[in-house]
Amino acid sequence: MESFLRCYLDCFNKLPRNSLHDRRKRQHVVDYISTLIEGCSKVEKDSDESAIEAIKTILKYHQENKDDNGKVTMLLDEIYKCEKTFERILIGAIFGNKAPHYIAGWKSDFDSEEENIRAVVYFLDKANRAQFNLFLDFNPKEESFRFIDLPIESCGKASPLKVSFKIYILHKHLPSTWSTRYKLLIFLRFGAKVYTQNEDITLFEHILNRLLEFNHVYPYNLVACLQLLLRAVTRIKIDKPNDISQESYQLLLEKMYERYFDLIQDGLIPPERCGISPPQLKHICRCVIRDRLWENYQLPDGIRSLPVPEQLWRYLDLLED
């Protein structure tokens with residue numbers, strides 16, 4: 001296995017750096033390595049061991065030659081070291097399979113949007129298991145980011161969650177065949193941050209302002225996105241400051257009534273999520289438990305290890321209210 005791979009990689013290493021810009025050539029590399037693993041597994045009668053050996057060989061070769069071979073990326077850490085972004089993984093999943101060509105100038109590595117979304121879920125899971133964090137060069141505060149919250153350069157350095165929300169907020173029709181709500185659910189289940197320090201206005205302000213434009217006749221998909229977002233936070237924030245002093249709390253109530261009275265009256269903003277009445281104890285517990293699991297990189301898989309009924313598993317996993 002190692003000898004075959006090294007011979008192939010030696011030949012590949014002599015190609016120009018831009019040789020992988022063509023999607024067909026990238027697929028050729030994948031097909032060759034997959035065929036090699038399949039052939040070796042038939043001899044060794046252990047496909048898992050063959051795959052592990054292939055990955056170790058490729059990574060070892062990459063480490064030995066990365067200063068000379070154009071830094072061909074194989075895993076998340078290496079991808080970011082080389083490309084300073086994960087757009088090849090994320091853009092197609094968020095916008096649709098054809099979008100990367102128009103947004104970033106390259107074609108998606110995936111044959112379908114469904115395949116791309118499954119790849120994102122795979123990488124989200126692996127990033128959590130590896131407790132994967134990155135420090136970004138352009139971030140002056142030297143704050144580390146998890147894979148799920150990494151800014152997308154070509155989308156104004158917004159996180160995948162924020163980009164997904166803003167797509168629907170700015171467009172009356174969904175940009176792809178897959179529901180935006182389904183994609184939001186994926187990001188929220190894995191612990192994407194709803195509130196961040198570097199945003200001018202919060203996601204809630206974006207979506208509530210958009211709802212006001214519909215004059216009491218609200219589109220289902222937009223309402224469904226709001227309801228899903230409400231599952232992941234203790235209360236709505238429409239301003240950047242995080243303090244919860246009595247003065248700021250009263251100011252929040254006044255602003256909510258002033259700006260979004262129609263939405264409160266129509267029941268789109270629950271009283272217990274905007275400060276009019278206290279949040280339900282059950283919901284507060286959900287948010288606290290999810291915070292602890294997030295801190296330990298155990299969202300969403302860690303939920304199923306909790307000694308609670310399955311109905312509560314689904315509640316904690318944001319799958320139902």
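Arginine 259 and glutamate 205 form a salt bridge, with the closest N and O atoms 3.0 Å apart; the term denotes a side-chain nitrogen of Lys or Arg within 4 Å of a carboxyl oxygen of Asp or Glu. This pair links distant parts of the chain, as arginine 259 lies in helix H12 and glutamate 205 in helix H10 (residues 203-212), 54 residues apart. Helices (H or I, at least four residues) are DSSP runs, numbered from the N terminus, as are strands (E, at least two). Arginine 259 is partly exposed, at a relative accessible area of 32%, whereas glutamate 205 is buried, at 11%. Buried means under 20% relative accessible area, exposed over 50%, and partly exposed in between (1.4 Å probe, protein chains only).

Helix H10 is mostly covered, with seven of its ten residues buried. Glu205 is one of these buried residues; the others are Leu203, Phe204, Ile207, Leu208, Arg210 and Leu211.

## Basis of the values

The model is predicted: local features need pLDDT of at least 70 and side-chain atom pairs count only at pLDDT 80 or more, while totals for chains, interfaces and linings use all residues. Residues are numbered from 1 along each chain as its sequence is written, and side-chain values use heavy atoms, with hydrogens and water left out.

## Further salt bridges

The structure holds ten salt bridges. Side chains of opposite charge can pair when their charged atoms come close. Aspartate 321 is exposed, at 60% relative accessibility, while arginine 231 is buried, at 8%.

Within helix H7 (residues 113-129), aspartate 125 and arginine 129 are four residues apart and therefore separated by about one helical turn. Their side chains meet in a salt bridge (2.9 Å, N to O). Aspartate 125 counts as buried, at 17% relative accessibility, and arginine 129 as exposed, at 59%. Asp125 and Arg129 are linked with Asp301 in a network of salt bridges.

## Nonpolar surface patch

Tyr257, Phe261 and Ile276 make a nonpolar surface patch of about 270 Å². Patches are made of residues with over 30% relative accessible area and no salt bridge, like charges being joined within 9 Å and nonpolar side chains (Val, Leu, Ile, Met, Phe, Trp, Tyr) within 5 Å. Accessible areas come from the Shrake-Rupley method with a 1.4 Å probe; for residues, only the protein chains shown count as cover.

Phenylalanine 261 is placed in helix H12 (residues 246-265). At 38% relative accessibility, phenylalanine 261 counts as partly exposed.

The structure holds zero disulfides, a disulfide being a pair of cysteine sulfur atoms within 2.5 Å. Such a link is a covalent bond between the sulfur atoms of two cysteines.

For cysteine 285, the closest cysteine sulfur is that of cysteine 287, at 9.4 Å, which is too far for a bond. Conversely, the closest cysteine sulfur to that of cysteine 287 belongs to cysteine 285. Cysteine 285 is partly exposed, with a relative accessible area of 38%, whereas cysteine 287 counts as buried, at 6% relative accessibility.
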